[in-house]
Amino acid sequence: MADPMRIRAVARDGVVNVKVLMSHEMETGQRKDGAGQLVPAHFIQSVSATHNGKVVLSAQWGPAVSKNPFLEFNFKAGQKGERISVTWVDNKGEQRTDEATIN
Amino acid sequence: MNPMRRTVLKSTGSAGLLALLATAGFLRPSDVLANGWNKIAFDSKTMAETLKALGASTPASSDAIQLRAPDIAENGAVVPIAVDSKLPGTQSIAVLIDKNPQPLAASFELPSGTEGTVTTRVKMGQTSDVYALVRADGKFYMVKKEIKVTLGGCGG
């Protein structure tokens, strides 16, 4: 199981700024290991963030997103104390969901 | 050889077989459908193919889109990219890197209520033009910026 995401959500003037740091290898499938064998691709393909059951951001990623991906976005109508949830799914079907409280 | 087994294989066909494997737990549904992941666009090898796969063959230029990124990236494995679209009705933002093996790096869907700004970090194999493709009110717009890479982020 992958390590938890670090999610920081801060509300200011009705706009919530969300920063997410995920823990994932994001292996491209083009790199070779010490023995000259290709390392199979292993990367996050889809990400979705929800607030009060409503999707506030969804993303599709390729292997060109950096290792331990970072994501930042802003959405309106979020209040302090409410929860935001982020889920990723990778190309091997592994997934992880984490939640954070808006500050 | 079991003749019944042959018949089953023939009659189910490849789609049926995939479904069987999926139900048997060999393939998770995400492998088959990949959560709607746009495989054609992410596998495209050129900018033109990628844009076509995204349905954006001739995007217009726009002053309302800002692509914020360093002029020189010392480490191609981690290049910060921020796209800021002031276009009303911005629906999606994609980041494309011309000289990468597959140009499409990431694509973001922004529902109404989400601002037209996303920041992420991408890998760049070499110095390249980087493009921000924005869909606003059903129309496509694109801006570019060249980023010089001193140490590539792919292969190695």
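Strand β4(A) pairs with β5 (residues 104–109) of chain B through 4 bridges, and the two run antiparallel. Strands pair here if DSSP finds at least two bridges between them. Within β5(B), B:S107 is the bridge partner of A:Q60. Strands (E, at least two residues) and helices (H or I, at least four) are DSSP runs, numbered from the N terminus.

This is a predicted model: local features need pLDDT of at least 70, side-chain atom pairs count only at pLDDT 80 or more, and totals for chains, interfaces and linings use all residues. Side-chain values use heavy atoms, without hydrogens and water.

Now the wider interface. Contact (heavy atoms within 4.5 Å) involves 35 residues from chain A and 34 residues from chain B. The two chains bury about 2700 Å² between them, 47% of it on carbon and sulfur atoms. Buried area is the accessible area (1.4 Å probe) lost on putting two parts together, summed over both.

On the chain A side, β2 (15–21), β3 (44–51), β4 (54–61) and β5 (70–76) each supply at least two residues. The largest share, 8 residues, comes from β4(A). By class, this side has 17 nonpolar, 12 polar and 6 charged residues. Nonpolar means Ala, Val, Leu, Ile, Met, Phe, Trp, Tyr, Cys and Pro; charged means Asp, Glu, Lys and Arg; the others, Gly among them, are polar.

Confidence comes last. pLDDT is the predictor's confidence in each residue, from 0 to 100. Chain B averages 82, and 74% of the residues score at least 70. Its lowest mean, 41, falls in helix α2 (residues 29–33), and its highest, 97, in strand β3 (residues 79–85). Where pLDDT is low, the predicted coordinates should not be read in detail.

Technical notes:
Residues are numbered from 1 along each chain as its sequence is written. Chains are lettered from A and ligands numbered from 1 in the order in which they are written.
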